[in-house]
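Please look over the sequence and the structure shown here before reading the report that follows.

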Amino acid sequence: MLAPSWEEHATCLANAEEQDILRVLTDISEKESVDLQQDAFIVLGRDTRPSSEKLSQSVIDGVTVLGGQFHDYSLLTTPQLHYMVYCRNTGGQYGKATIEGYCQKLSKAFMELIKQASCSGDENRSVKVDCANGIGALKLKEMQRYFSQGLSLQLFNDGTRGKLNHLCGADFVKTHQKLPQGMEIKSNERCCSFDGDADRIVYFYCDAGGHLHLIDGDKIATLVSSFLKELLLEVGESLNIGVVQTAYANGSSTRYLEEVMKVPVYCTKTGVKHLHHKAQEFDIGVYFEANGHGTALFSKAVEVKIKQLAELEDEKGKAAKMLANIINLFNQAAGDAISDMLVIEAILVLKGLTVQQWDALYTDLPNRQLKVKVADRRVISTTDAERQAVTPPGLQEAINDLVKKYKLARAFVRPSGTEDVVRVYAEADSQENADSLAYEVSLAVYQLAGGIGERPQSSF
């Protein structure tokens, strides 16, 4: 979430020789007009990897030697660390900057919400959670007792045996469309996967035929924004709500939101910082990347207004109370798998939806993602939130011609942020056509953007 100018500073500092570190730090301070007399306070957290303790100690040494203050929370999920910083930076207004404060804030809002359900449908609500052998397992175990009367969890890949993210976790399930290893599930059981540091979540279930159904970030954003829009109608407030997606969002989700739910959708470049920044422009901004990283943001004015309306004893007040609890349940500092899971579970109870009914809101268009190795990824530049290639000349025209051959099709290419590869995304009316389009676009990239190594193969 660093500003781009600070990413440059971080790169300079990382590349500095030991004897130059002080000079580089002084340069950064001067460029950014940092007041070196002001006290610095650093909040630290770490995960369960063996290397974490040593890295954490190095940070403490660095802060201490420069005369800074710090608070070491030891083991935390990444979103919990964001929460602690947010609490401290708002002088405790957002919540108590302790693990207990985090657990209590989220579980109180969750329990209040499910109390408001007219019929809970599934009386014994339970969900199976793949914790990716990461820090999420540890923190869910700590937190379970706070909401055990409203939701029962069964934890898998809890770090006692397997390796972090190995054949499990949100990214594995999303990318490979396979069940996580070490997880036994019956047909139609509701399951979810966290990623290693618990800031991403995807849901899934298996049907009677054993086929895996993935419910990714697009469907989470749809469930959340639809529910928020319904509550706003009941409250009678005309607030502007927007959903922020990237080019990777499935075309069916965009169509469903715009045409059925009448919720405005905006597209930004890939990367959470772009989505988060755009979402802050709305009274209520909902963003989720397809990989399951996201949250909902509420403006201060909205929070104040909803709090006032929640005092009313009529139907409007009831809806406002729900909205107030949803606001408290979302971790507005960052995407948070634990918080998102509780929001989803609460909405499913309140709407009386099964996981299958949620999945059936719309059908994803078949899609395929590929990578093409190139000599220099910088030959590709894009515009329109990465959906159109500006250079090399002729590439976008070639993509347009290929897309015209298929129904409900679209495709885009973008350079990787980290390696000399170009990422290709294609979707169409059938898996066969999506595969075929992705292959043909890959070939065009290889030919026009300086592909190296083996030519793309059509091997699906």
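## Partly exposed residues

A residue counts as buried when its relative accessible area is under 20%, as exposed when it is over 50%, and as partly exposed in between. In this predicted model, Lys 278 has a relative accessibility of 22% and therefore counts as partly exposed. Lys 278 also forms a salt bridge with Glu 281, and the closest N and O atoms of this pair are 3.0 Å apart.

## Further salt bridges

Across the whole structure, a search finds 26 salt bridges. One of them joins Arg 200 to Asp 171, with 3.5 Å between the closest N and O atoms. Because Arg 200 lies in the loop between strand E5 (191–194) and strand E6 (201–206), while Asp 171 belongs to helix H7 (residues 170–176), the pair ties together parts that are 29 residues apart in sequence. Asp 171 is partly exposed, at a relative accessible area of 42%.

Glu 419 and Arg 423 form another salt bridge, with the closest N and O atoms 3.5 Å apart; Glu 419 is partly exposed at 33% relative accessibility, and Arg 423 is partly exposed at 24%. Elsewhere, a network of salt bridges links Arg 125, Arg 190 and Glu 345.

In soluble globular proteins, nonpolar side chains tend to be buried together. Here the largest nonpolar core has 80 residues, and Phe 194, Met 341 and Leu 342 have the most contacts inside it. Helix H13 (residues 337–351) gives the most to this core, contributing 11 residues. Apart from this core lies another, of 24 residues, including Val 424, Leu 437, Val 445 and Ala 449.

Once neighbours within four places in sequence are left aside, Leu 342 is in contact with Leu 106, Phe 110, Met 143, Phe 147, Leu 151 and Leu 329.

Technical notes. Residues numbered from 1 in each chain as written. Predicted model: local features only at pLDDT ≥ 70, side-chain atom pairs only at ≥ 80, totals over all residues. Heavy atoms only, no water. Core = buried A, V, L, I, M, F, W, Y, C linked by side-chain atoms within 4.5 Å. Buried < 20%, exposed > 50% of the residue type's maximum accessible area, 1.4 Å probe, protein only. Helix = DSSP H or I, 4+ residues; strand = E, 2+ residues; numbered from the N terminus. Contact = heavy atoms within 4.5 Å. Salt bridge = Lys/Arg side-chain N within 4 Å of Asp/Glu carboxyl O.
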